[in-house]
Amino acid sequence: MSKKYPPISSKVPKMLHGADYNPEQWLDYPGVFEEDIRLMKLSDSNVISVGIFSWVSLEPEEGKFQFEWLDHVLDTFAENGIYAFLATPSGARPAWMSQKYPEVLRTNENRVQNLHGERHNHCYSSPIYREKVTIINTKLAERYGNHPAVIGWHISNELNGGHCHCDFCQDNFREWLKKRYGTLKKLNHAWWTTFWSHTLTDWSQVESPSPRGEKSVHGMNLDWKRFITDLTIDFVRHEVDPLRQVNPELPITTNFMETFEGLNYFKFADELDVVSWDAYPTWHDADDSTEQAVLFAFNHDIMRSIKGGKPFMLMESTPSLTNWQDVSKLKKPGMHVLSSLQAVAHGSDTVQYFQWRKSRGSSEKFHGAVVDHVGHEHTRVFRDVQDVGKALVDLEEVVGTSVEPEVAIIFDWENRWAVKDAQGPRNMGIHYEKTVISFYRPFWENGVPVDIIDMDFDISKYKVVVAPMLYMVRPGVGEKIEKFVEAGGIFITTYWSGIVNESDLTFLGGFPGPLRKTLGIWSEELDGLHDGQTNTVVGLEKNYVAHELCDLIHTEGAEVLATYGEDFYAGRPALTVNKLGKGKAYYVASRNVEPFNLDLISKIIKEENITPAVQTELPAGVTAQLRTDGDNDFIFLMNFSATEQTVELDGDEYTNMIEKTTVSEHVTLPLNGIAVLKRASK
């Protein structure tokens, strides 16, 4: 039985709908704010994010604050039943600060200090910057921490990792390393600095990676990325402290950016009360939208999984187009509702947009918005937003519900960093992210819910754990996986797994290192194939095409399910399964062209009785996702294919929550169509 979580805010126990809004851009335009309030209510918008990048409007000169405009905004919200996530303005500081205190400016990897400009061009280590952030955040907390319109804090905006290489950051990096390793001897061993005579003899010799200096010590590169995540978390704690002191009950979030590589998002779980993120798919870049749908379903599942299933927030999305992607493609009819409710299907309790009203100038003046430059509601986009608002009202019962998947896929940030820095076996395209998603997609196509976790999560509750390219295996992880399989779990991994430890040092004694006993195989060599080169995988019900990577393995107890059909390793194992205790461990030795993963995963789903959201065969391009409160299941049927689709149901009686009808036999989904079905839990 799944747990039902409390709403994001007890003041608004319903689906949240709204957008980022910058009223300070319109202070000199009489009537605009009043019109925006009317339009917010007309679109069923109940939450607005304000204060993002508003620092100079709040503090135009050092120590001189003007809050009257924000007072008026929040007071008017409260009078009209609209709520706010109030942002701290640290994402872009005022020019006066850069001019007076140049130390706040970021120094790039070439050791050149940036000029004022852009966003997040500041140093997280700078004492002055931290001092100024504390001052403005304290002022905001004291003035608005108990305001009736404010239901949460939005920390900064799209934190981008803070890769500053100034003297403050160099000192902090050295201190971080001292805490991690204790002695230079341990550091030198972890970084394997005897290679190329890079042994460090004094802590002062440690420098961050730079194209002007050292970038080839993989352990150093890995630690620098870890340090940047920890420094960013420390900065978030610094931001949060004055806010918590005034009102510890207000939830705190910061908006993530898809699978942004620069920060390990899993490490933020304890710092945030609710996870939020910004989703910008390139819908309609192909005949159907399946590929984009799979990619963003994967992202949604990460955000839900970070805090163990707790509903998240879709903080930003576009109601129409973006202006910074390669092509500013409009959403076709139906796609705005479908893409918005896709987030809800995977665990979001909000649908929010960037932006409410289109900016008149600067870099995002042509980015999509609820209110276009024309300034009224008589637009296709505004009607689409109204449709989402109405749908979210119909889905109020879904608030706080989640899902407890039987399947988890390991997508680990540190492993990702290490894989992409390894220099081999295929530098022209190692494709870690694509590989993980290629194992996610078959579950999506079968309508099976999935958690996306890192390797440190507890895996004992799952039936199936998939860990594609688990190149790095941190201490204790191999033992945990072994126990999982012995207890009856199904483990699936691939080539290029069990290669290095947490310091990117290779395991000695044979790959896949600590996974060797679990998998019952020994990997001797890994062949990198050029583009266009292929092999075959034979011995299954049909043959498959292998490309890019082929692992040459020996069995040590594992059963061979398929072999290579060509080249000097023809006849060698290409797919194995090892029985260990009550469970099984599969090893996919080659990267294979579809439908290999679909066929393999579909077979395992059936054999292991993995429960899909609905017991039916889904048409291509259609998925079913599940949220439940333990008493009722809420099934989201979504059509991302290029045509209308009919989904045959399993005979149970369902309520179509948006159309308010009863269905039991089938549901017809139009192009870009969605149905949300409610049934009593089994």
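These legends accompany several close-up views of a predicted model.

**View 1**
The largest nonpolar core holds 191 residues, and L70, F77, W191, I492 and F636 touch the most other members. Helix α8, residues 218–246, supplies the largest share of this core with eleven residues. A second, separate core has 17 residues, among them A613, V614, V622 and L669. In soluble globular proteins, nonpolar side chains tend to be buried together.

**View 2. F77 and its contacts.**
Which residues does F77 contact, leaving aside its neighbours within four places in sequence? The list runs through Y21, F33, I37, M40, I48, V50, I82, Y83, A84 and A149. Three of these names come up again in the next view, where F33, I37 and M40 are among the buried residues of helix α1.

**View 3. Helix α1 and the elements it packs against.**
Helix α1 spans residues 32–42, and its buried residues are V32, F33, D36, I37, L39 and M40. An α-helix has 3.6 residues a turn, so residues three or four places apart point the same way. What do the buried residues of α1 pack against? Their partners are β2 (47–50), α3 (68–79) and α11 (380–394). If you follow the backbone just past α1, you come to D44, which takes a positive phi of about 60 degrees.

**View 4. An open sheet of nine strands.**
The strands of this open sheet pair in parallel, in the order β5-β4-β3-β2-β1-β9-β8-β7-β6. At the edges stand β5 (252–253) and β6 (255–257); each has a single partner strand, so one side of each is left without a neighbour in the sheet. Further in, strand β7 (residues 276–278) runs parallel to strand β8 (residues 312–316), and three bridges join them. For a landmark in this pairing, find D278, which stands opposite E316 in β8.

**View 5**
Strand β27 covers residues 674–680. Why is β27 described as largely enclosed by the rest of the structure? Five of its seven residues are buried, so the rest of the structure largely encloses the strand. Strand β22 (residues 632–639) pairs with β27 in the antiparallel sense over seven bridges, while strand β24 (residues 654–656) is joined to β27 by two bridges, also running antiparallel.

**View 6. A675 within strand β27.**
A675 lies in strand β27. Is A675 buried or exposed? A675 is buried: its relative accessible area is 3%, and the cut-off for buried is under 20%. Not counting residues up to four places away in sequence, A675 touches I635, F636, L637, N656, V667 and L669. Of these, F636 is also one of the residues that touch the most other members of the largest nonpolar core, while L669 belongs to the second core. For a sense of distance, the C-alpha atom of A675 is separated by 56 Å from that of W192, 483 residues apart along the chain.

**View 7. The largest pocket.**
The largest pocket contains about 900 Å³ of space. It is lined by 32 residues, and F53, R119, F354, S363 and E364 are the closest to its centre. Helix α2, residues 55–58, gives the most to this lining, with three residues. Sorted by class, the lining has ten nonpolar, eleven polar and eleven charged residues.

**View 8. The second largest pocket.**
This pocket has a volume of about 680 Å³. Among its 30 lining residues, E433, K434, T435, I437 and S438 lie nearest the centre. Which element gives the most to the lining of the second largest pocket? That is α13, with nine residues. Elements that each supply at least two lining residues include α9 (290–306), β16 (544–555) and α16 (596–607). The class breakdown is twelve nonpolar, ten polar and eight charged residues.

**View 9. The cavity.**
A search of the whole structure finds one cavity of 30 Å³ or more, and the largest cavity has a volume of about 30 Å³. P7, I8, S9, V12, K14, L16, D349 and V399 line it. Five of these lining residues are nonpolar, one is polar and two are charged.

Conventions
Residues numbered from 1 in each chain as written. Predicted model: local features only at pLDDT ≥ 70, side-chain atom pairs only at ≥ 80, totals over all residues. Heavy atoms only, no water. Core = buried A, V, L, I, M, F, W, Y, C linked by side-chain atoms within 4.5 Å. Buried < 20%, exposed > 50% of the residue type's maximum accessible area, 1.4 Å probe, protein only. Helix = DSSP H or I, 4+ residues; strand = E, 2+ residues; numbered from the N terminus. Contact = heavy atoms within 4.5 Å. 1 Å grid on protein atoms, 1.4 Å probe; cavity = no way out; pocket = protein on both sides within 12 Å on 5 of 7 lines; lining within 4 Å. Points joined across faces, edges and corners; volume = space filled by probe spheres on them. Nonpolar A, V, L, I, M, F, W, Y, C, P; charged D, E, K, R; others polar. Pairing = 2+ DSSP bridges.
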